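Please keep the sequence and the model in view while reading.

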Amino acid sequence: MADETTLMVWIDQDLCTGDGICEEIAPDVFHGRDDGLWVVKEEASTLGKSILFDGGEGDGHGPDGARGVARVPDDQIETVVEAAEECPGECIMIEPYDATLVAERGA
Ligand code: SF4
């Protein structure tokens, strides 16, 4: 289990159409929030701790939008890239791993 991953991902909720295609393709990385917009998450099984980047308060939650950048386990890279390609809102943003982003998200 590594802290560093190859890639990270976030969703621009302002552009999300709420169709849920991302979660159909990569359910370990994307999650439908109660308001009908999608967010990203990290799973304890692959990254040590479960964090939902839904803008919620408390342990297990992190910021949404551009500050809510989830690490992508290496075995999920292919499905996350596919989700980004299929996303009708073109709002799934994939970035190289950046320790600064991890520190700034505060989760
Ligand atoms: S595929 Fe894109 S537009 Fe559709 S729910 Fe996921 S992030 Fe939103």
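1. Helices (H or I, at least four residues) and strands (E, at least two) are DSSP runs, numbered from the N terminus. The model is predicted: local features need pLDDT of at least 70, side-chain atom pairs count only at pLDDT 80 or more, and totals for chains, interfaces and linings use all residues. Residues are numbered from 1 along each chain as its sequence is written.

2. The protein chain has four helices and six strands. Their order along the sequence is β-α-β-β-α-β-β-α-β-α.

3. On overall dimensions, the C-alpha trace of the protein chain spans about 30 × 30 × 25 Å along its principal axes. The radius of gyration is taken over C-alpha atoms, and the globule rule is 2.2 Å times the number of residues to the power 0.38. For 107 residues, a compact globule would have a value near 13 Å, and the 12 Å of the protein chain agrees with this.

4. A residue is buried if 20 or more other C-beta atoms lie within 10 Å of its own, exposed if 12 or fewer, and partly exposed in between, with C-beta atoms placed from the backbone. Of the 107 residues of the protein chain, 31% count as buried.

5. Two residues are in contact if their C-beta atoms, placed from the backbone, lie within 7 Å. Among contacts in the protein chain between residues at least 6 apart in sequence, 63% join residues at least 24 apart.

6. A nonpolar core is a set of buried Ala, Val, Leu, Ile, Met, Phe, Trp, Tyr and Cys residues joined through C-beta atoms within 7 Å. The largest such core has 22 residues, of which V9, V29, V40 and A70 touch the most other members. Two or more residues come from each of β1, β3 (38–42), β4 (51–53), β5 (70–72) and α3 (77–86). The largest share of this core, four residues, is given by β1. Not counting residues up to four places away in sequence, V29 touches V9, V40, K41, A70, V72, Q76 and V80.

7. Where does D12 lie? D12 is in the loop between β1 (7–11) and α1 (21–25). This residue counts as partly exposed because D12 has 14 C-beta neighbours inside 10 Å. Leaving aside neighbours within four places in sequence, D12 is in contact with G65, C91 and M93. D12 and M93 are 81 residues apart in sequence, yet 7.5 Å apart in space, C-alpha to C-alpha.
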